[in-house]
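Me: Hi! Could you walk me through this protein in plain words? I'm new to reading structures.

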Amino acid sequence: QVQLVESGGGLVQPGGSLRLSCVASGSIFSIGAMNWYRQAPGKQRELVAVISSGGSTNYADSVKGRFTISRDNAKNTVYLQMNSLKPEDTAVYYCNGYLQQYRDRAYSAYWGQGTQVTVSS
């Protein structure tokens with residue numbers, strides 16, 4: 001059984017910072033691309049940041065220059081450093097990853113349970 005577990009959310013004032021973590025656990029042979037999504041109340045889930053297995057990154061225009069995605073393959077962990085937070089960043093943040101459980105199996109998509117980020121004064 002594979003699990004993705006996020007942590008690090010919370011309440012922060014505008015202009016503040018938070019670092020989200022997502023740990024993959026269970027029977028894992030290989031981890032491919034890892035992504036962070038977010039969903040604000042009444043809105044569709046949107047892709048925030050992507051990191052490939054090789055470390056290439058891509059960001060939504062709304063977070064470029066403020067958010068940084070990174071990964072520690074030894075720890076099966078992906079991070080999202082969020083700086084200069086704005087009220088419009090308020091959302092539930094979800095970790096999504098493509099994991100291979102066994103050498104002869106295809107990669108499958110997994111989701112975490114989400115962590116709430118609230119930016120408010």
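**Getting to know the chain**

Reply: Happy to! Buried residues make up 43% of the 121 residues in the chain. Keep in mind that this is a predicted model.

Me: Thanks! How many helices and strands does the chain have?

Reply: There are zero helices and 11 strands. Reading along the sequence, you get β-β-β-β-β-β-β-β-β-β-β.

Me: Why call the chain as compact as a globular protein of that length?

Reply: Its radius of gyration is 14 Å, close to the 14 Å that the globule rule gives for 121 residues, so the chain is as compact as a globular protein of that length. Along its principal axes, the C-alpha trace spans about 50 × 25 × 25 Å.

Me: And what about the contacts in the chain?

Reply: Take the contacts with a separation of 6 or more: 56% of them are between residues 24 or more positions apart.

Me: Which way do S4 and S9 run, and how many bridges join them?

Reply: They run antiparallel, and eight bridges join them; S4 covers residues 30-39. As an example, isoleucine 31 stands opposite leucine 99 in S9.

Me: What about S10 and S9?

Reply: Strand S10 (residues 108-111) is joined to S9 by four bridges, and the two run antiparallel. Here asparagine 96 has tryptophan 111 in S10 as its bridge partner.

Me: And how many bridges join S9 to S11?

Reply: Three bridges, again with the strands antiparallel; S11 is residues 115-119. Look for alanine 91, whose bridge partner in S11 is valine 117.

Me: New topic: which residues touch the most other members in the largest nonpolar core?

Reply: That core has 30 residues, and the ones touching the most other members are Met34, Trp36, Leu80, Met82 and Tyr93.

Me: Which elements give two or more residues to this core?

Reply: They are strand S3 (18-25), S4, strand S5 (46-51), strand S7 (67-72), strand S8 (77-82), S9 and S11.

Me: Last one: how much accessible surface does the chain have?

Reply: About 6,400 Å², and 45% of that belongs to carbon and sulfur atoms.

Conventions:
Residues numbered from 1 in each chain as written. Predicted model: local features only at pLDDT ≥ 70, side-chain atom pairs only at ≥ 80, totals over all residues. Heavy atoms only, no water. Pairing = 2+ DSSP bridges. Core = buried A, V, L, I, M, F, W, Y, C linked by side-chain atoms within 4.5 Å. Buried < 20%, exposed > 50% of the residue type's maximum accessible area, 1.4 Å probe, protein only. Rg over C-alpha atoms; globule rule 2.2 N^0.38 Å. Contact = heavy atoms within 4.5 Å. Areas by Shrake-Rupley, 256 points an atom, 1.4 Å probe, with all protein chains shown as cover.
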